[in-house]
Every structure is written in structure tokens, then in C-alpha cells.
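Me: I would like to learn how to read pockets and salt bridges in a protein model. Could you walk me through them?

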Amino acid sequence: QVQLVESGGGLVQAGGSLRLSCAVSGSIFNIDGAGWYRQAPGKQRDIIAGIASSGSTSYADSVKGRFTISRDNAKKTVYLQMNSLKPEDSAVYYCNANLRARDGSTNNYWGQGTQVTVSS
């Protein structure tokens, strides 16, 4: 069974850094597009970073210049490097990816979410 497994969340002081990982568990051919979302209590889930199969990236204004999304195709893993963290970055972070199977079919998957808490 294919799953996205997230790791790397935790508690950090304002100004600190964390790196989130989203690894594919199970057999796939490759990762097409992927993105990181976050959801704070009482708020909707918003996309904050995306990476295309070409490697091109995009960011929400709120994280631009502080967060970096990247991918390692060999490891079938997508990363989110978060620097200069602020208390308002506190949320549950989710990865989402379109995964291509060996038969050419593509399905969309969500990770289980990982909590990031930034203290002031």
C-alpha cells in the first residue's frame, strides 16, 4: 500500500529552523507534482509551497524567502526546509503528492500531518 510518511515536526523557538520530510512508502514509479500545506486551529488548510515534476517551485507570500521545498527523486522524498520561523507558522503541516505508478496511472495522496509549534 502506498503512503506518504511525514517526519521532522516539533517545537522550536522563533527564529529557529526545522526540516520536514515526506517519504513515499510503497512501490511507485515516481513523484509528479507535490506540495506542502498547513492548517492552524480553526483555519482552513492552505498550500504554502509546491514543486513540479520539472523541479520548478512556488511559494505562498507568507513563507517566501524563508521556506524551501525540494525533492530527491532517488529517495522518493520531498522536503520543506523552514528557516526564520515565526509563531504564526505554528500549524499542522501536510504533504500532498501525485504519485505515478509503474502502470502509468497517477493518484493523489496526503501525508498524516506533522505538528510544528514555534514559541515566541
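Reply: Gladly! Let us begin with the lining of the largest pocket, made up of Arg-38, Gln-39, Ala-40, Lys-43, Gln-44, Asp-46, Ile-48, Ser-62, Glu-88, Ser-90 and Ala-91. This is a predicted model, where local features need pLDDT of at least 70 and side-chain atom pairs count only at pLDDT 80 or more, while totals for chains, interfaces and linings use all residues. Residues are numbered from 1 along each chain as its sequence is written, and side-chain values use heavy atoms, with hydrogens and water left out.

Me: What is a pocket, and what volume does the largest pocket have here?

Reply: Rolling a probe the size of a water molecule over the atoms shows where empty space is left. On a 1 Å grid over the protein atoms alone, a pocket is an open set of points where a 1.4 Å probe fits, with protein on both sides within 12 Å along at least five of seven lines; lining residues have an atom within 4 Å of a point. In this model the largest pocket has a volume of about 160 Å³, volume being the space filled by probe spheres set on the points, which are joined across faces, edges and corners.

Me: Which strands each supply at least two residues of that lining?

Reply: They are β4 (30-39) and β5 (46-51); strands are DSSP runs of E with at least two residues, numbered from the N terminus.

Me: How many salt bridges does the structure hold?

Reply: Side chains of opposite charge can pair when their charged atoms come close. A salt bridge here is a side-chain nitrogen of Lys or Arg within 4 Å of a carboxyl oxygen of Asp or Glu, and the structure holds four. In one of them, Arg-100 pairs with Asp-32, with the closest N and O atoms 2.7 Å apart. That pair links distant parts of the chain, since Arg-100 is in strand β9 (residues 91-100) and Asp-32 in strand β4, 68 residues apart.

Me: Where do Asp-89 and Arg-66 lie?

Reply: These two side chains meet in a salt bridge (2.7 Å, N to O). Asp-89 lies in the loop between β8 (77-82) and β9, and Arg-66 in the loop between β6 (57-59) and β7 (67-72), so the pair ties together parts 23 residues apart in sequence. Asp-89 is buried at 1%, and Arg-66 is buried at 12%. Together with Arg-38, they are linked in a network of salt bridges.

Terms used. Helix = DSSP H or I, 4+ residues; strand = E, 2+ residues; numbered from the N terminus. Buried < 20%, exposed > 50% of the residue type's maximum accessible area, 1.4 Å probe, protein only.
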